[in-house]
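Take a look at the fold below.

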Amino acid sequence: MLKQWRARFGRAPAAPSGSSETALIALIAGGDRDAFQALYRIYFGRLARFLDRMVRDGALIEEIVNDTMLVVWQKAHTFDHTCKVSTWVFAIAYRQGLKAVNLRDEPVESNVELEAGDVRYEPEHALAQQQLQEGVGEALKALSLEQRVVVTLTYYHDMGYQEIAETMGCPLNTVKTRMFHARQRLRVLLSAHQEELS
């Protein structure tokens, strides 16, 4: 997915400060297509990574991102500044992803692409890194959707628990509980993975 993004748009732009994102939302609310395109470029890669972990269907990810950004375009005037723009956008993406998962009848398959190791590593280290990535990917698949989303937003998108609670529309303690159980489950799954490799 990210390779397709880079081929299409070049490197993803660096995330601007919250105030510039807020300014973009204000411009979008006024119908500014250039501001919308800028926000789309900022969020496409981040949302694609988030949704890949959530829905695990590469063909569906771009559609959900586009649906998310359509909602952003249509509802920009409703942004009330009670949270960060990223929280608002990720909450929309989360709801769109849930809709997509709930509408499907088929089992969810993963299209996780593993990144190649750095050429400076020795082959054994590169292999160990790849096996670790595979193990983490498999362990994440074993978590419930809610636990997987909390882990993904925490570790892959650097969100705090309060921001995750706002994104998922649930109490803060629910997020903490999901993370607690996810960590316990990951500990068991990853130690079993390590034993298989030994």
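This is a predicted model: local features need pLDDT of at least 70, side-chain atom pairs count only at pLDDT 80 or more; totals for chains, interfaces and linings use all residues.

Residues are numbered from 1 along each chain as its sequence is written, and side-chain values use heavy atoms, with hydrogens and water left out.

The chain has nine helices and zero strands. Both kinds of element are DSSP runs, numbered from the N terminus: helices are H or I with at least four residues, strands E with at least two. In sequence order the pattern reads α-α-α-α-α-α-α-α-α. The chain holds 198 residues, and 38% of them count as buried. Buried means under 20% relative accessible area, exposed over 50%, and partly exposed in between, with a 1.4 Å probe and protein chains only. Take the contacts (heavy atoms within 4.5 Å) with a separation of 6 or more: residues 24 or more positions apart account for 68% of them.

Now the helix pair. Helix α3 covers residues 33-55 and helix α5 residues 85-103; their axes come within 10 Å and cross at roughly 40°. Axes are lines fitted to C-alpha atoms, for helices over the stretch in contact, and angles run from 0 to 180 degrees between N-to-C directions. α3 and α5 are therefore oblique to each other. Angles under 35 degrees count as roughly parallel, over 145 as roughly antiparallel, 65 to 115 as roughly perpendicular, and the rest as oblique.

Which residues of α3 meet α5? They are Tyr43, Arg46, Leu47, Phe50, Leu51, Met54 and Val55. Their partners in α5 include Val89, Phe90, Ala93 and Tyr94.

The aromatic rings come next. The whole structure contains six aromatic pairs. Rings of Phe, Tyr and Trp (its six-membered ring) pair if their centres lie within 6.5 Å; planes under 30 degrees apart count as stacked, over 60 as edge-to-face, and the rest as tilted. Tyr43 and Phe90 form an edge-to-face pair, 6.4 Å centre to centre with 70° between the planes. Tyr43 lies in α3 and Phe90 in α5, so the pair ties together parts that are 47 residues apart in sequence. Both Tyr43 and Phe90 are buried. Ring pairs also link Phe36, Tyr40, Phe44 and Trp73 into a cluster.

Last, Thr152. It sits in helix α7, residues 145-155. Thr152 is buried, at a relative accessible area of 1%. Setting aside neighbours within four places in sequence, Thr152 contacts Phe50, Arg53 and His157.
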